[in-house]
Amino acid sequence: MERPTPAPVLPELPLQELECFSVLVHQLHFGRTAQRLGVSQGRVSQLIKRLESRVGAPVFQRTSRRVELTELGRALAEQVVPAFERLREGYDAARAGAATARPLRLGFQCAVYEPVARVVAGLPEGTVQLVELPWADPFSLLARGEVDLAIVLAPCREPGLEVLMEFSRQPVSVAVSAAQRLGGADGVAADELAVLPLIEPRGPAPEYWREANAPRRTPCGRELAYSAGAATIQEGLSMVAGTRQGLLLCERSTAYVQRPDIRFLPVPGLEPTTLEVVRNERRPHRLAAGFVELLAGHVD
């Protein structure tokens with residue numbers, strides 16, 4: 001009796017290393033490649049070194065000023081980069097096709113504000129699935145495709161994420177303990193915050209976003225001190241209630257987080273906040289454009 005011929009063993013294909021290589025070919029910069037892939041710069045270096053070890057020779061020439069492909073790297077790029085682009089297109093098309101069978105996953109921070117709630121209520125039941133986003137991590141779920149649209153505090157400058165609309169420009173207030181003696185009938189001057197320890201968002205939000213939503217200086221140049229961090233606004237408010245700390249948030253949010261042990265004082269000297277509707281350019285949902293159009297009709 002003849003033995004069956006064993007199936008050939010396919011060599012391992014280092015997909016992570018090849019994806020990293022493809023992105024670095026376009027960026028020619030380890031830092032930007034790390035941002036694009038959502039990993040550390042050290043991880044990019046590790047993946048490229050592993051690829052070069054597998055190939056058996058360098059594919060990039062690296063100096064302190066620039067990154068260039070070697071001759072072998074150029075030959076590899078001619079084959080790998082177009083192939084990865086086709087893989088990505090096929091994968092994105094499959095996800096887009098699957099999206100037609102599921103609701104629009106809408107991420108939000110702090111609260112589902114009234115205009116958003118009206119749009120959701122006006123759509124057939126089950127059309128929209130609401131997902132709360134961490135206060136200090138507004139973009140990760142969108143970048144990973146775990147939500148289809150995100151309504152987040154501006155600004156968004158993340159690669160691959162597109163701002164579709166901006167709305168709800170709101171003045172800033174500071175939350176303080178009801179027992180705290182600060183400010184007057186009209187609120188508190190921005191420079192007075194310099195004597196108040198503040199609570200900042202704790203999480204992986206980019207520095208430019210933190211600077212906009214937890215500013216380090218007042219318009220007159222006085223430094224603001226952040227003595228603690230919170231992962232959610234609710235956690236931050238609980239810290240405020242039991243300490244002499246403060247928490248900055250937009251005026252509209254104060255209506256959703258009222259509690260008897262906290263006062264909200266307007267800070268007219270600080271730059272107002274704005275909300276943005278953001279999507280992942282690579283993972284469109286068939287309902288996203290229609291939702292944004294409806295929302296535009298419900299905001300001032």
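Rings of Phe, Tyr and Trp, the last by its six-membered ring, are taken to pair if their centres lie within 6.5 Å, with planes under 30 degrees apart counted as stacked, those over 60 as edge-to-face and the rest as tilted. By this rule the count comes to two aromatic pairs in this structure, which is a predicted model.

**Aromatic pairs**

- Phe21 and Phe60 form a tilted pair, with 5.5 Å from centre to centre and 55 degrees between the planes.
- Because Phe21 belongs to helix α1 and Phe60 to strand β1 (residues 60-62), this pair ties together parts that are 39 residues apart in sequence, and both Phe21 and Phe60 are buried.
- Tyr113 and Tyr256 form an edge-to-face pair, for which the centres are 5.3 Å apart and the planes stand at 85 degrees.
- This second pair links distant parts of the chain, 143 residues apart, since Tyr113 sits in the loop between β3 (104-108) and α5 (114-122) while Tyr256 sits in the loop between α9 (251-254) and β11 (262-266).
- Tyr113 has a relative accessibility of 5% and therefore counts as buried, whereas Tyr256, at 38%, counts as partly exposed.

**Strand β8 and its partners**

- Strand β8 (residues 198-201) runs parallel to strand β9 (residues 226-230) and is joined to it by four bridges, with Pro201 having Ala230 of β9 as its bridge partner.
- Together with helix α7 (residues 207-213), strands β8 and β9 make a right-handed β-α-β unit.
- Strand β8 also pairs in the parallel sense with strand β10 (residues 246-250), over two bridges, and here Ile199 stands opposite Leu247 of β10.

**The largest pocket**

- The largest pocket holds about 1,300 Å³ of space, and of the 38 residues that line it, Gln35, Arg36, Leu37, Gly38 and Arg282 are the closest to its centre.
- Two or more lining residues come from each of α1 (15-27), α2 (30-37), α3 (41-55), α4 (71-99) and α6 (140-143), and α1 gives the most, with eight residues.
- The lining of the largest pocket divides into 17 nonpolar, nine polar and twelve charged residues.

**The second largest pocket**

- The second largest pocket has a volume of about 410 Å³, and among its 27 lining residues the closest to the centre are Ala212, Asn213, Glu271, Pro272 and Thr273.
- The elements that give two or more residues to this lining are α7, β10 and β12 (273-280).
- The lining of the second largest pocket is made up of 17 nonpolar, six polar and four charged residues.

How values were computed:
Residues are numbered from 1 along each chain as its sequence is written. This is a predicted model: local features need pLDDT of at least 70, side-chain atom pairs count only at pLDDT 80 or more; totals for chains, interfaces and linings use all residues. Side-chain values use heavy atoms; hydrogens and water are left out. Two strands pair if DSSP finds at least two bridges between them. A crossover is right-handed if, with the strands pointing away from the viewer, the path from the first strand over the helix to the second runs clockwise. On a 1 Å grid over the protein atoms alone, a cavity is a set of points where a 1.4 Å probe fits but cannot get out, and a pocket is an open set with protein on both sides within 12 Å along at least five of seven lines; lining residues have an atom within 4 Å of a point. Grid points are joined across faces, edges and corners, and a volume is the space filled by probe spheres set on the points. Ala, Val, Leu, Ile, Met, Phe, Trp, Tyr, Cys and Pro count as nonpolar, Asp, Glu, Lys and Arg as charged, and the others, Gly among them, as polar. Buried means under 20% relative accessible area, exposed over 50%, partly exposed in between (1.4 Å probe, protein chains only).
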